[in-house]
Amino acid sequence: TAELPPPAALRPAGGASTLFLLFAVAFLDQLTKALAVRSVGPVRLVPHVLYLQLSYNSGAAWGMLPGRRVFFCLLALAVLAAGVFFRRRLHLEQRWNRVAFGLVGGGVLGNLLDRIRLGYVVDFIDLHLPHYRWPTFNWADCALCIGVVLCLVGSYREKPPN
């Protein structure tokens, strides 16, 4: 008699949940940007700390390399394609990696959609730290940063079996 594989082996290695998170992040990013564009003027959420202030970024993080729309679109597409191509090596059977990849992919996709549609990225979260004003950012940027941190932390966790 043939033995059936365990139920976990019958499921895909987290692909559906990773894609859901990726598209959810991109959708929420686009939704919050649309709401920010429709708001009137700066909004003070926490005085002297957190504001909603609309800005447009044609460059990379902190406005580096402004006006390189095609380059950043191609870079984003390359990152997303690499994620698909190397998905088996990303160990998406581990929840930690699925979440990290979904956040990074969703952040990349959210900002890519802006670059394609508008030619720039919409930023609106304005954070003021003591003696420092952080560059304005958006939810896609947050997801990207959290996803990268999870990737780094996850790389120090228990290694998956080969």
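## The largest pocket

Helix 5 supplies the largest share of the lining of the largest pocket, namely six residues. The model is a predicted one, and in it this pocket has a volume of about 680 Å³. Its lining is made up of 26 residues, and those closest to the centre of the pocket are Ala60, Ala61, Asn111, Asp141 and Leu144.

Divided by class, the residues of the lining are 18 nonpolar, five polar and three charged.

## Helix 2 against helix 5

Helix 5, which gives the pocket lining its largest share, also packs against helix 2 (residues 15-38), at an angle of about 150° and with the two axes 8 Å apart. On the side of helix 2 the contact is made by Val25, Asp29, Thr32 and Lys33, while helix 5 contributes Trp139, Ala140 and Ala143. By class, this contact of helix 2 with helix 5 contains four nonpolar residues, one polar residue and two charged residues.

Thr136 lies in the loop between strand 4 (132-133) and helix 5. With a relative accessible area of 16%, Thr136 is under the 20% cut-off and therefore counts as buried. When its neighbours within four places in sequence are left aside, Thr136 is in contact with Gln53, Ser55, Asp123, Phe124, Ile125 and Asp126.

## Arg133 in strand 4

Arg133 is found in strand 4, and its relative accessibility of 46% makes it partly exposed. Leaving aside neighbours within four places in sequence, Arg133 is in contact with Asp126, Leu127 and His128; Asp126 is also among the contacts of Thr136. The C-alpha atoms of Arg133 and Val49 are separated by 8.9 Å, although these two residues are 84 residues apart along the chain.

## Aromatic pairs

How many aromatic pairs does a search of the whole structure find? The search finds three, among them an edge-to-face pair formed by Tyr56 and Tyr120, with 4.8 Å from centre to centre and 70° between the planes. This pair links distant parts of the chain, as Tyr56 belongs to strand 2 (residues 50-57) and Tyr120 to the loop between helix 4 and strand 3, 64 residues apart. Tyr56 is partly exposed, with a relative accessible area of 47%, and Tyr120 likewise counts as partly exposed, at 27% relative accessibility.

Another of the pairs is formed by Tyr132 and Trp134, again edge-to-face, with 5.9 Å from centre to centre and 75° between the planes. Tyr132 counts as partly exposed at 42% relative accessibility, and Trp134 is partly exposed as well, with a relative accessible area of 34%.

Not counting residues up to four places away in sequence, Asp114 touches Gln30, Lys33, Gly119, Tyr120, Val121 and Val122.

Definitions and conventions
Residues are numbered from 1 along each chain as its sequence is written. This is a predicted model: local features need pLDDT of at least 70, side-chain atom pairs count only at pLDDT 80 or more; totals for chains, interfaces and linings use all residues. Side-chain values use heavy atoms; hydrogens and water are left out. On a 1 Å grid over the protein atoms alone, a cavity is a set of points where a 1.4 Å probe fits but cannot get out, and a pocket is an open set with protein on both sides within 12 Å along at least five of seven lines; lining residues have an atom within 4 Å of a point. Grid points are joined across faces, edges and corners, and a volume is the space filled by probe spheres set on the points. Helices (H or I, at least four residues) and strands (E, at least two) are DSSP runs, numbered from the N terminus. Ala, Val, Leu, Ile, Met, Phe, Trp, Tyr, Cys and Pro count as nonpolar, Asp, Glu, Lys and Arg as charged, and the others, Gly among them, as polar. Axes are lines fitted to C-alpha atoms, for helices over the stretch in contact, and angles run from 0 to 180 degrees between N-to-C directions. Contact means heavy atoms within 4.5 Å. Buried means under 20% relative accessible area, exposed over 50%, partly exposed in between (1.4 Å probe, protein chains only). Rings of Phe, Tyr and Trp (its six-membered ring) pair if their centres lie within 6.5 Å; planes under 30 degrees apart count as stacked, over 60 as edge-to-face and the rest as tilted.
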